[in-house]
Amino acid sequence: MGSVPSIEILPDECLIEIFTRLSIGQSTSASACVSKRWLKLLITIRSAEYHIQEDENVEFGDDEHLSRSLEGKNATDIRLFAIAIGVASLGGLGKLMIRGTPDLVNGVSDAGLSAISHYCHSLRVLSLWNTPLVGDQGLLAIANECPLLENIDLSHCTRISNYGLASIAEYCPNLIYLTIESCPRINDLGIISLVQSASRLRKLKIHSLRISGISLAAIGFYGKSLDTLILGRLPYVSPKGFWLMGKAPGLKKLESLTVSSCSGLTNICLETIVEGCSSLKQISLKKCWFVSDHGLVTVVFTSGSLKSVLLEECHGVTQYGILCVIMKLKSLVIDKCMGIKVLPLHMNIFSSKIRSLSIINCPGFGNVGLTCHRLKNIDFSGSIGITNSDLMAIIKRCTSGLVNVNLSGCLNLTDAVVSAMAYHHGGTLEQLCLEDCHGVSDLSAMAIADMCKTLNELDLSGCKISDFGIAVLACRGEFDLQILSLAGCCDISDECMPFLAMLGKNLVGLNLKNCCSITSGFIDQLVDILGSCDVLS
């Protein structure tokens with residue numbers, strides 16, 4: 001039986017006294033590698049307790065802060081101990097992200113966060129996701145010793161309560177961004193104490209918490225620095241809570257509001273919020289089923305600052321409401337709103353403001369004539385009700401020049417639309433997606449090659465494009481394509497090899513998946529020819 005090294009006989013107190021005589025840096029890092037006992041003892045020493053603060057010739061600037069990320073089984077206290085010791089002489093961490101697991105034995109705990117707090121006083125960003133062993137004491141340690149914290153994300157942290165949240169708000173005066181999601185021990189008291197103390201908070205995200213309207217009222221009263229507010233899945237917040245938030249005087253600087261899966265948001269609440277938030281520029285509503293045309297139209301026309309609206313799965317909104325607000329907005333995104341159906345009468349709408357219009361996965365949208373002079377970006381992907389005539393109106397009346405166009409899944413479109421788009425907007429068009437537009441053929445390829453001079457991304461997946469179309473693009477096109485997708489184009493064969501090689505001089509991405517007439521040998525040769533281009537097959 002071997003003898004135990006003499007230094008291991010020393011009690012912890014003596015070893016700690018020896019360690020404080022080391023210099024922070026290589027000496028402490030080397031000592032931490034000796035054993036877990038030494039590592040755990042070193043972690044108990046705060047950086048200020050060392051007699052020699054750092055190794056000589058170590059230099060670092062004020063903005064040179066390190067970033068570390070721990071995920072899954074690597075998210076343990078031992079890993080955090082080692083990181084804390086290792087970066088001590090480099091100024092500590094500036095950003096720490098931990099994405100843990102439900103492991104209640106080996107995961108990151110309060111001890112791990114305490115170690116970080118001892119050595120990383122310059123920590124500015126902390127993200128904790130699914131860390132069931134981290135509680136209020138760990139958060140308190142961070143708050144006490146990391147006063148520069150600006151951005152904190154607490155998601156699925158089941159042991160953190162109002163006390164931990166209050167400590168962050170009280171001891172981190174620079175806190176600007178905060179996310180709280182699925183933390184069951186945080187309730188109204190925690191949110192109220194937070195917004196009362198965190199006077200510089202600019203962005204707040206609250207999701208899946210058991211809070212009531214009292215919290216929203218407090219946000220509306222105390223959130224005087226907030227410019228971004230994100231609220232999601234708050235089933236216990238009634239319409240009165242949203243109404244009180246809008247009536248409170250504190251959200252004058254709010255510019256962006258996102259609300260998702262909140263049944264308490266109604267038309268009246270939305271109107272009250274917009275009325276009280278005089279700087280509001282952007283609204284995003286997702287799964288807010290009690291918002292209808294009346295609320296949407298009222299807020300858009302009464303707000304003097306609103307520029308952008310996003311609606312997703314808001315089925316109370318119809319095509320009438322959408323067409324009304326297009327006239328007032330610069331950006332509008334409508335996604336999966338099934339209340340949108342073709343109106344019995346054709347409507348002609350004029351807008352001199354709209355620059356970006358997205359009607360996505362809304363099969364009932366159509367039968368409209370839009371005149372949008374300044375429109376730059378359109379996305380009608382998945383909106384199968386769109387017809388040639390609908391798009392022709394936009395294409396011919398837009399005078400500023402379209403830049404990005406996505407028409408994937410618009411089954412009723414034909415070569416006529418693509419030819420018109422190339423003719424009117426070929427000098428500005430940069431991205432064009434025609435995926436699964438089955439009426440698009442080689443004629444469209446000819447129009448694109450002849451007239452689109454600035455195109456860098458083209459998606460013809462699922463179109464009726466043949467080798468001839470590829471040859472035309474290669475021989476007549478004056479653009480410098482970077483991304484070309486031809487997935488599912490079964491009329492393309494090995495014969496197009498030389499033409500794809502010609503196109504490939506600037507390509508960084510080429511998609512040939514499910515091109516059933518192309519052989520594997522062709523793909524191998526093409527990969528060799530194109531070199532750095534990423535070929536998907």
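**Salt bridges and cysteines**

Visitor: Is E181 buried or exposed?

Guide: E181 is buried, at 17% relative accessible area. Buried means under 20%, exposed over 50%, and partly exposed lies in between, with a 1.4 Å probe and protein chains only.

Visitor: What are these values based on?

Guide: This is a predicted model, where local features need pLDDT of at least 70 and side-chain atom pairs count only at pLDDT 80 or more, while totals for chains, interfaces and linings use all residues. Residues are numbered from 1 along each chain as its sequence is written, and side-chain values use heavy atoms, with hydrogens and water left out.

Visitor: Which side chain meets that of E181 in a salt bridge?

Guide: That of K205, with an N to O distance of 3.9 Å. A salt bridge here is a side-chain nitrogen of Lys or Arg within 4 Å of a carboxyl oxygen of Asp or Glu.

Visitor: How many salt bridges in total?

Guide: The count is six. Another of them pairs K453 with E478, at 3.4 Å from N to O.

Visitor: Where are K453 and E478?

Guide: K453 is in the loop between α17 (442–451) and β18 (457–459), and E478 is in the loop between α18 (467–476) and β19 (483–485). This pair links distant parts of the chain, 25 residues apart. K453 is partly exposed at 36%, and E478 is exposed at 56%.

Visitor: Which residues form a network?

Guide: E312, D335 and K336, joined by salt bridges that share partners. Within it, the side chains of D335 and K336 meet at 3.1 Å, N to O. D335 is buried at 13%, whereas K336 is partly exposed at 26%.

Visitor: Switching topic, how many disulfides?

Guide: Zero, from a search of the whole structure. For C262, the nearest cysteine sulfur is that of C288, 6.1 Å away. A disulfide is a pair of cysteine sulfur atoms within 2.5 Å.

Visitor: Are C262 and C314 buried or exposed?

Guide: C262 is buried at 1% relative accessible area. C314 is buried at 0%.

Methods. Helix = DSSP H or I, 4+ residues; strand = E, 2+ residues; numbered from the N terminus.
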